Amino acid sequence: MVYPALDEDIVTLLFRFFRLGPIAALPLILYITYEIYNSSVIRNNKILDKIAKLILNKKVIIVSFISTGIVYGINWTHYGIDHLQKLENSQLNLDYYYPVYGRLALSFNLHLLILLLLLILLAFVSHSIENNKMRSFMTTLVISSLLLFILGLTNFIPSYQVLISSIAVLIYSILILLSFIKMYNDFNHQYLNVVQRQNKLDYIGNMTASLIHEVKNSLSIIKGYSEIIPSIQKLEPQTDKMMKDVIASSKQLSNLVDAYNEFLRNDMDMEMKSENIIKCIEVAKKMMGKKLQENEVVVEINSNKKVVNAYVNETYFTQALINLIKNAIEATPQDRENKVIKLDVTEYDNNKVIIDMYDSGEGIPPENWDKVFLPYNSTKTEGTGLGLPFCSKVIFSHRGFIDIINSTSEGTHFRIQLPRNKFIEISKDS
């Protein structure tokens, strides 16, 4: 709305300039929703996933910015807006200018139609985001934009243009602002909780440092006697096998204690090299052999190669696998018919190794997918809530990722991604 007291040329200039808002809305909303969608955990919905991949990708965003530039450029010519005409609004008792469109004004209408279709599709896609905070903000953004668009159509009706469009912009601004403030407060609260948990971890770390010395003393006795006994006395085959398992376990524990002691001093400054991931999984399986047998759980290792190398610290990574297998065993119901933990190891694009782990557990509710990697979130009565957080920290220190891909009452699918060598920075795939 512009009062006739202004020069018509100035009014035309301002009108063409501020038309950038509705024209640029298409690529901006696309870009915002693209960033939200790609930084969120997504529900397993094939239809919505296909729609999201169709409209939320870099190529579509680039094309939308190019088309926006073309439409906005046409807007500055007589082909877009030919001139402005003075109209009178008797209800508001004022005069105002209304545009007379040129020959290519259809490009603007087509641009708005694409925006409408996009908003309708995004209204469905927003429901596929697991995180309540991000889903709420994206839903508010899309619905508010859709509401603004519908009310903005009154701009094409001269007698209602001034009042309704102004109210629509006001409502839209308020809704987006309130939604953003709510999301900010929610994430700030979550951040404070994480800081509090980290303080607890720091305290535990200080206590652990004082206990490591005592653990190493006891461990040296166990390791020493377990190695001496077979040399001074012939053992039965079964007993000899048990003693070898004790020696292997004490060696793994000794390496872990040394590595953890180094971790406390150097903040996860681990010595890493190219290691066979298959071997690490087999060692972890062997370490958990007794617990697997007691719970009648089977571990299957699948790979099209016998040697699949990744850049890891063998001791730390093996312990992370032990924690994952232990967690999977404890999550498996006793009455489950097929108790299987399956690990599929694949090389991807010659840059990284992917380990897909499928268990037969009771599943993890979608709202807890992010929480299970935070300390002290155990659902078990005797759990410490540090198993999966330890795995997450170890994998992160390897410049890798660990995520939950899917989880149902039949089991959970974890995915670990690791770089092939120290010069590679891998990207996260979900």
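# Strand 9 and its surroundings

D403 has R415 of strand 9 as its bridge partner. This report starts from that pairing and then turns to other parts of the chain. The model is a predicted one, in which local features need pLDDT of at least 70 and side-chain atom pairs count only at pLDDT 80 or more, while totals for chains, interfaces and linings use all residues. Residues are numbered from 1 along each chain as its sequence is written, and side-chain values use heavy atoms, with hydrogens and water left out.

## The protein as a whole

The secondary structure comes to 12 helices and 9 strands. Both are DSSP runs numbered from the N terminus: helices are H or I with at least four residues, strands are E with at least two. Of the 430 residues, 38% count as buried. Buried means under 20% relative accessible area, exposed means over 50%, and partly exposed lies in between (1.4 Å probe, protein chains only). The protein exposes about 25200 Å², and carbon and sulfur atoms supply 59% of this area. Accessible areas come from the Shrake-Rupley method with a 1.4 Å probe; for residues, only the protein chains shown count as cover.

Contact means heavy atoms within 4.5 Å. Among contacts between residues at least 6 apart in sequence, 73% join residues at least 24 apart.

An open sheet of 5 strands has the order 4-6-7-9-8, and its pairing is mixed. Strand 4 (298–303) and strand 8 (401–408) stand at the edges with a single partner strand each, so one side of each has no neighbour in the sheet. On average, neighbouring strands of this sheet are turned by 15° against each other, direction ignored. Axes are lines fitted to C-alpha atoms, for helices over the stretch in contact, and angles run from 0 to 180 degrees between N-to-C directions.

Two strands pair if DSSP finds at least two bridges between them. Strand 4 and strand 6 (residues 340–348) run parallel and are joined by 6 bridges; V298 stands opposite V340 in strand 6. Strand 7 and strand 9 run antiparallel, joined by 7 bridges, with V353 opposite L418 in strand 9. Strand 8 and strand 9 also pair in the antiparallel sense, over 7 bridges. These two strands form a hairpin with 2 residues between them, and T408 stands opposite G411 in strand 9.

How many of the residues of strand 9 are buried? The count is 9 of its 9 residues. Both faces are covered: G411, H413, R415, Q417 and P419 lie on one side, T412, F414, I416 and L418 on the other, and all are buried.

Helix 11 (residues 314–331) lies across strand 6, strand 7 (352–358), strand 8 and strand 9 (411–419), running at about 20° to strand 7. Helix 12 (residues 387–397) packs on the sheet and touches strand 8 and strand 9; its direction makes about 25° with that of strand 9.

## Aromatic pairs

A pair of aromatic rings is described by the distance of the centres and the angle of the planes. Rings of Phe, Tyr and Trp (its six-membered ring) pair if their centres lie within 6.5 Å; planes under 30 degrees apart count as stacked, over 60 as edge-to-face and the rest as tilted. The structure holds 2 aromatic pairs. F17 and F18 form an edge-to-face pair, with 5.2 Å from centre to centre and 80° between the planes. Y72 and W76 also form an edge-to-face pair, with 6.2 Å between the centres and 90° between the planes.

| Residue | Relative accessible area | Class |
|---|---|---|
| F17 | 45% | partly exposed |
| F18 | 57% | exposed |
| Y72 | 16% | buried |
| W76 | 34% | partly exposed |

## Single residues

E275 has its place in strand 3 (residues 273–276). E275 counts as buried because its relative accessibility is 12%. Leaving aside its neighbours within four places in sequence, E275 is in contact with V308, N309, A310, V312 and E314.

M134 lies in helix 6 (residues 132–152) and is buried, with a relative accessible area of 14%. The C-alpha atoms of M134 and F180 are separated by 9.9 Å, and the two residues are 46 residues apart along the chain.

The structure holds 0 disulfides, a disulfide being a pair of cysteine sulfur atoms within 2.5 Å. C280 is buried at a relative accessible area of 0%, and C391 counts as buried at 1% relative accessibility.
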